[in-house]
Amino acid sequence: MLEYCHRGAKPVEIHILPSQVSSLIAAGEVVERPASVVKELVENSIDAGATHIAIEVSQGGLAYIRVNDNGCGVAAESMALAFHRFATSKLAHAEDLERIVTLGFRGEALPSIAAVADVEMVSRPADAQAAATVRLVDGKQVEQGSRAAAVGTTVSVLHLFAKQPARRKFLRAPAAENHQIATLISQYALAYPEVRFSLKLDGRQALTTTGSGSLTDAVAAIHGADVAAAMLSIRWPAAGESAAFLVSGMAAPPHLSRASRGYVSLFVNRRCVQNRRLTYAIEEAYSGLLPAGRHPIAVVNLEVPPDEVDVNVHPAKADVRLRHENEVFVALQRAVRQAVLEQAPLPTVAAPAGSPRWASPEASTSPLWEHGLEVEAQTLAVAAAAPPKVSLPLLRVLGQVANTFIVAEGPDGMYLIDQHAAHERVLFEEMCGPPQAGQSAHVQGLLEPALVELSPRQEEVLLAHRETLAEHGFQLEPFGQRAYRIGAVPALLAGRDAAQALGELLDALAEETAEPSADRVAATLACHGAVRAGDSLALEEMRELVRRLEQTEAPHTCPHGRPTTVHLSESWLAQTFRRRG
Ligand code: ADP
Ligand code: MG
C-alpha cells in the first residue's frame, strides 16, 4: 500500500508542493493538543514503512514527545526542507490528491509542530553511514549536523505550547492527555498489526504490541486475551464473490458487549476515521442482539479504491468522504451482522403458543426485543443475503396516555410509544446523520446573543467538549471570567432559554460516568431538545413524531438504550382476552 517509499530503498525526494496543488489542500493542520502531535509523528513513521514504532511521552506530552521508527529515513539534504510548509515526498500533482495511499500528504505536520514546540529530528536512511540531525526553536532551524544512529527516524518534540499559554489553558490534566494518546496508539495498533508499537507514558510501559501481523494478537494487546479469543472474523464479500470494496476485521459476539460506546474501531484503507454514520452501521449490525445500553466491540477495516474516498475533507483527517457511502453503509452493516449471526450462538426465542409472553410487569421492556429476535430468526431462515433490518411498521396514531405514551395501531396489534424516548431517537439521528447541505440547518443564530455564567465544573465540561458543542451548533465566545456569549444554538434548542439550556446540558454531561463521547453529547442534547413526558401533544404532532421515528435507523431504542416502543401483538391481545386457546 505504501508505494512512495520502501524500507531499505532510498527515500523519495521531498519537495514543496506547487501552489496550485497546495491550494487544493483542506484547511491547515492545527496542532490542537499533544495527541495531535503524536498522531502526526506516528503517521509519518507508518508512511515511512516502519515495522517498529516506539513512542515516549512525558507529562501528558508537554515535557516531551519522542517517536522513534525504523522506517526509510530522510536524506540528509532533505532534513531542513521537511519542516517547510507544503513540503512532502508523498504527492506532487493535483491528480495525486484523488488517489492518496499514504496517511500524510499535506506537508504541514512538521512545520505546524515546529511552530508550537522545539523539535529535533534525527534520521538515517539505509544507504547513509550516519544520521543527519536538525533542531528547530521557534520554527527556525538552529542546528544541523550528523551523528551515529540506527537506520530510521527519531523526532523529539519538547516544550510543547510553552509559548502558547492560551493553548495550554485548553488542555486537560496530563492524565487525561495521556489517556487520549494511549487511545490513539491503540487505534493504530489495531489498524497495523504488522507494526510493533511500544508506548511509554512517563517512563511506564503503557502498551506494547507484538507486530506479528495477526489481528488477534493486536486485539489481545488492546482489548485483552479473552476478547481476542472470542472475536468473530468479518469478511465481506464472501470468498469467491467480488465487490467494489472489502470489509474485513473482527467483531465480538453479543455477550461480550460494553457499557459505553467507543469500542468500535473503524478504518478506511487503514486510516482511523471517526465517521458517525459508518460507526453507526456497525452498532446497527447488533440491533436486537444487545440489551439496551450495551455496545459492541469491533475492529473493522474498509478497503475502497483510493479514488473512491476523499481524505482531504477534514483538517485533522479524522473523517473521510466516500463516494458511495450508502452502499458502504449497507455493506458494513451486512458484513458485521453476518459475522455475528453466523458465528455467534443466537439467543433462542421462546414463543410457546398459549402462554402470554409478556404478562409480567417486569417483562414490559422485552416484547419488542423478543419481537426483534423473531424477525431476525425469520430473516435468517429466508435469505442470508438480505441485510436484516429491524424497522418499525407504518403506524396509525390513535391517541395519548398520561401525556407520555402514544397509542398506535400497526399491522399486527398495538404499539405504545414513549414520546420522549422516540423524540430523542429522532433528534439524535438527525444530529448524527450525514451532514445536511451547509450544515447550518442544525444551527439557530440568536438575534441577541445570550450571556451565561458557568460554574467551574460546567466550564471544565465546556472546555472538554467545545469542539463537539460547536459541531452541534453552539457558537460560544469567552466573555470574561467563566462567562460566555452564546451567538447560536443547535436548532433543536431554538425557542428555549439558551443560557439555561446550555447550563443544563453541561450539568448533564458532567454527570456522565463514562468519558462523554461525541455521541453522548448528541444523546444528551437530544434528550434536552425532546418533548417531555407529561407534555400534551396534538394528534398532528404525534403523527409527525411517529412518522419521523419510522424513518430512523434504529427506531426501537432511544440513544441511551431505553425502548421507544412496546408492541402488544394481536395474538397476545387475543390470548390475554382469552379469545382463543
Ligand atoms: P506529510 O506527511 O504530509 O508529507 P509532514 O510535514 O508530516 O508532511 O512530513 C514532511 C516530510 O518529511 C514527509 O513527506 C516525509 O518525506 C518526511 N518525513 C517526516 N517524518 C518522517 C519519518 N518518520 N520517516 C521518514 N520520512 C519522514
Ligand atoms: Mg505527515
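Visitor: How many bridges join β21 to strand β23?
Guide: This is a predicted model. In it, 7 bridges join β21 to β23 (residues 483-490), and the two strands run antiparallel. Within that pairing, Gly445 has Ala488 of β23 as its bridge partner.

Visitor: What is the order of the strands in that sheet?
Guide: The sheet is open and consists of 3 strands in the order β21-β23-β22, with antiparallel pairing. β21 (443-453) and β22 (475-478) stand at the edges; each has a single partner strand, so one side of each is left without a neighbour in the sheet. On average, neighbouring strands of this sheet are turned by 15 degrees against each other, direction ignored.

Visitor: And what holds strands together in general?
Guide: Strands of a sheet pair through backbone hydrogen bonds, in either a parallel or an antiparallel manner.

Visitor: Changing topic: which residues come nearest to ligand 1?
Guide: There are 20 residues around ligand 1, and the nearest are Asn44, Thr88, Ser89, Lys90 and Gly107. The shell divides into 9 nonpolar, 7 polar and 4 charged residues.

Visitor: Which element supplies the largest share of that shell?
Guide: That is α3, with 3 residues. Both β4 (87-88) and α3 (109-114) supply at least two residues of the shell.

Visitor: Which side chains have an N or O atom by an oxygen of the ligand?
Guide: Among them is Ser89, whose side chain places an N or O atom 2.6 Å from an oxygen atom of ligand 1. For the side chain of Lys90, the corresponding distance is 2.7 Å. A backbone N or O atom of Leu110 lies 2.9 Å from a ligand oxygen atom.

Visitor: How much of ligand 1 does the protein bury?
Guide: Taken alone, ligand 1 exposes 530 Å², and the protein buries 97% of that.

Technical notes
Residues numbered from 1 in each chain as written. Chains lettered and ligands numbered in written order. Predicted model: local features only at pLDDT ≥ 70, side-chain atom pairs only at ≥ 80, totals over all residues. Heavy atoms only, no water. Near = heavy atom within 4 Å. Polar contact = N/O pair within 3.5 Å; in protein donor to acceptor, adjacent residues only side chain to side chain. Areas by Shrake-Rupley, 256 points an atom, 1.4 Å probe, with all protein chains shown as cover. Helix = DSSP H or I, 4+ residues; strand = E, 2+ residues; numbered from the N terminus. Nonpolar A, V, L, I, M, F, W, Y, C, P; charged D, E, K, R; others polar. Pairing = 2+ DSSP bridges. Axes fitted to C-alpha atoms, helices over the stretch in contact; angles between N-to-C directions.
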